[in-house]
Number of protein chains: 2
Amino acid sequence: MKKKSSARAITSTAEFARYVGLARTTVSRVLNGQPGLKPNTIERVQRAMDETGFTPNAYAVRLKGKSTATIGICMEDLLTPTAVKKLAALQRVFRGRQYTSLIEVLEPGHSRRLIRHFLSMRVEAIVFIGHFPPDELVQRIAELNAHGTPHVVIDHVGIPNAHRVTLDRARGMIDVVDHLVARGHRSFGLLGISAWLHGKLGRMHGIIQALAKHKLPFAQCTRSLDHLHVRENDFEFGRTLAASFATLKDRPTAYLALNDEIAIGAMHGLQAAGIDIPGEAAVTGFNNQEICAMTRPTLTSVDQQIEETIRIGTEVVLSQIGQPPRVKPILRTIEPKLIIRQSTDARPG
Amino acid sequence: MKKKSSARAITSTAEFARYVGLARTTVSRVLNGQPGLKPNTIERVQRAMDETGFTPNAYAVRLKGKSTATIGICMEDLLTPTAVKKLAALQRVFRGRQYTSLIEVLEPGHSRRLIRHFLSMRVEAIVFIGHFPPDELVQRIAELNAHGTPHVVIDHVGIPNAHRVTLDRARGMIDVVDHLVARGHRSFGLLGISAWLHGKLGRMHGIIQALAKHKLPFAQCTRSLDHLHVRENDFEFGRTLAASFATLKDRPTAYLALNDEIAIGAMHGLQAAGIDIPGEAAVTGFNNQEICAMTRPTLTSVDQQIEETIRIGTEVVLSQIGQPPRVKPILRTIEPKLIIRQSTDARPG
DNA sequence: GACACGTGAGGACACGTGTCCGCGTCAAGC
DNA sequence: GCTTGACGCGGACACGTGTCCTCACGTGTC
């Protein structure tokens, strides 16, 4: 409060101790909460800190060997809502456990430099969120393993050597197909869902499995027009896809989209062609973003269970700290949850 | 590549120098790119770094007095899309200028602790993004000023002592009203827009100004039902507000919403009451989020010009570094931009 | 053979902190 | 008056790095 005109900020405990009129060691003991100090002394230091705004130099503190209590978080970007929701949840959990987060965005081709930055900051673990060039990530994980730095990869495919937490997308699509079949649908348009990615946890695997269960032949019951348009996985991609489907004679009655944006685009495309949703066509998204409740009709989607994903993820990564390196990669899967809304709430035809 | 079985990671240049077979000082000179070294020596060090994954301890480097090149970014939350977009843009700019960002979310009541954390990390400046408890923020800014640490507050009202970059919301609403008046609208419903905030740059100020320009008496031409519902500034708030408006005999033909979520909720509420948009009612949002292009009809909104805001913001904050403290707070304003879409693209019925 | 020059070794110090240790000082209790 | 604690002082060392300095070694040149 006393402004003090502050000639210049105090930058060391020595200087600060002179200001308070105590020995540097005494001040240090106050700051670290050691016993054997008079309440009066403690209060003098507290007051002086408020007056001067002095803070111990974190770099010197960490240097002396105290744990850095820092976790590196490596993001693909900060643009997709789901990625950011994961980041927010993650930072909240770490903060609750007294860890500081070091958040960085990875530009493809610079992963090596970024990891080196994390290591130079002596992070105790690294979390990867988003999708990265797989060969680059595999390489970095191998280096981290050799280096003994714990890690976890959140929901990324094709990184067999990594500890990871992955959403069971197959399970999600099984629920979607079950739901639509129960509503009477027998023909399905696939929007942006292709076979070339993922393994047993992949979407396509779930769709095939579910159709087989209902004795519906995959080849006859599904249709994809992805090859007709530039794949951007966004609203516009969904809209043009749907426009193409709308021109078909025997078009599917249900449409499964890779994500919510494509699904919403598809709804626009279908509606623009005069097709009623859900009366004449059902549409499903994936990710269950807030936006799903704001469309007309509201959009049935699959929720990623982000909170639980992050909870498990932090568990996986924190359990490695201070332990000998694991030989076998950890794999935890998360069950998504189908959220049914208006866009699938009618029987076809 | 060579795995090397890595007994344990190398943690100091001394140890590393022994590994390479050079003197510590020589290694240090290589790492800092000093002249007078044989290419062969440099290459030996590079190779050893690749083999061992050794990285210099950042805490020791910074301790020796080298600038920390770190900027603290204080966020309200990581949930709203606009806040996150600002964060992403900010980090990108700082990275391009070789600054590291320290990103933290501020929980109300803990601002003092957070700022102390930033200061202990010896950040060279602090950026605030989002809305905070004003008295708390005013206090923190005063402390930063006394401490000599540069700062900038992005788009926050009621912080007169801070350097800040603020969106001219009045300008945005003037453009909105001009547009709607040109389309023939004369009566306006206000959704979540109240007078109790902001000054000359506030929305209400712009609305009043614009209506006056068109000789439309404010009291007769505008209507607010905010008091009827719990103010949450979200989709549901907009929906219920619109439902209330729909029951009015002489309801307005145009609706100005505080943000996009309310606007979209309002569109749902009006449409549910059988009112056609834009034929029977026009709706405008604010922020121009991606979602505006995904609704039916697409939503006219006001773009925050985030890129420019951040560009100016970094300019303001970086210009303070290494300079004597400014006595007068800097204030830069940003002109928003009206994006016209379907939701206002008709003359009232 | 003397000299300059290029290259690297190795010692020294500083940065700000935590912690240990021995030594004063002061007050209370006998 | 003496002992005994409680409390604080001040010296010392370590942490890993950058930088400066002196010194040694080798090579090429005159």
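Reader: How do the residues of the surface near DNA strand C divide by class?

Author: In this predicted model, that surface has 10 nonpolar, 12 polar and three charged residues. Ala, Val, Leu, Ile, Met, Phe, Trp, Tyr, Cys and Pro count as nonpolar, Asp, Glu, Lys and Arg as charged, and the others, Gly among them, as polar. The model is a prediction in which local features need pLDDT of at least 70 and side-chain atom pairs count only at pLDDT 80 or more, while totals for chains, interfaces and linings use all residues. Residues are numbered from 1 along each chain as its sequence is written, and chains are lettered from A and ligands numbered from 1 in the order in which they are written.

Reader: What makes a residue one of those around DNA strand C, and which come nearest?

Author: A residue is near a strand if its C-beta atom, placed from the backbone, lies within 6 Å of it. Around DNA strand C there are 25 residues, of which S12(A), T13(A), A23(B), T26(B) and T41(B) come nearest. At least two residues each are supplied by helix 1 (13-20), helix 2 and helix 4 (58-63) of chain A, together with helix 2 of chain B. Helices (H or I, at least four residues) and strands (E, at least two) are DSSP runs, numbered from the N terminus.

Reader: Which residues are closest to DNA strand D?

Author: DNA strand D is surrounded by 25 residues, with A23(A), T26(A), T41(A), S12(B) and T13(B) the closest. Its nearby surface likewise divides into 10 nonpolar, 12 polar and three charged residues.

Reader: How many residues does each chain give to the contact between chain A and chain B?

Author: Chain A gives 41 residues and chain B gives 40; two residues are in contact if their C-beta atoms, placed from the backbone, lie within 7 Å. On the side of chain B that touches chain A, 22 residues are nonpolar, 11 polar and seven charged.

Reader: Why is strand 2 of chain A described as largely enclosed?

Author: Five of the six residues of strand 2 (residues 100-105) are buried, so the rest of the structure largely encloses this strand.

Reader: How do you know that strand 1 and strand 2 of chain A pair?

Author: Two strands pair if DSSP finds at least two bridges between them. Strand 1 (residues 70-75) and strand 2 of chain A have six bridges, in the parallel sense. In one of them, G72(A) has L102(A) as its partner.

Reader: Why is chain A called more spread out than a compact globule?

Author: Chain A has 13 helices and 12 strands. Its radius of gyration is 27 Å, well over the 20 Å that the globule rule gives for 349 residues, so the chain is more spread out than a compact globule. The radius is taken over C-alpha atoms, and the rule is 2.2 Å times the number of residues to the power 0.38.

Definitions and conventions: Buried ≥ 20, exposed ≤ 12 C-beta atoms within 10 Å, placed from the backbone.
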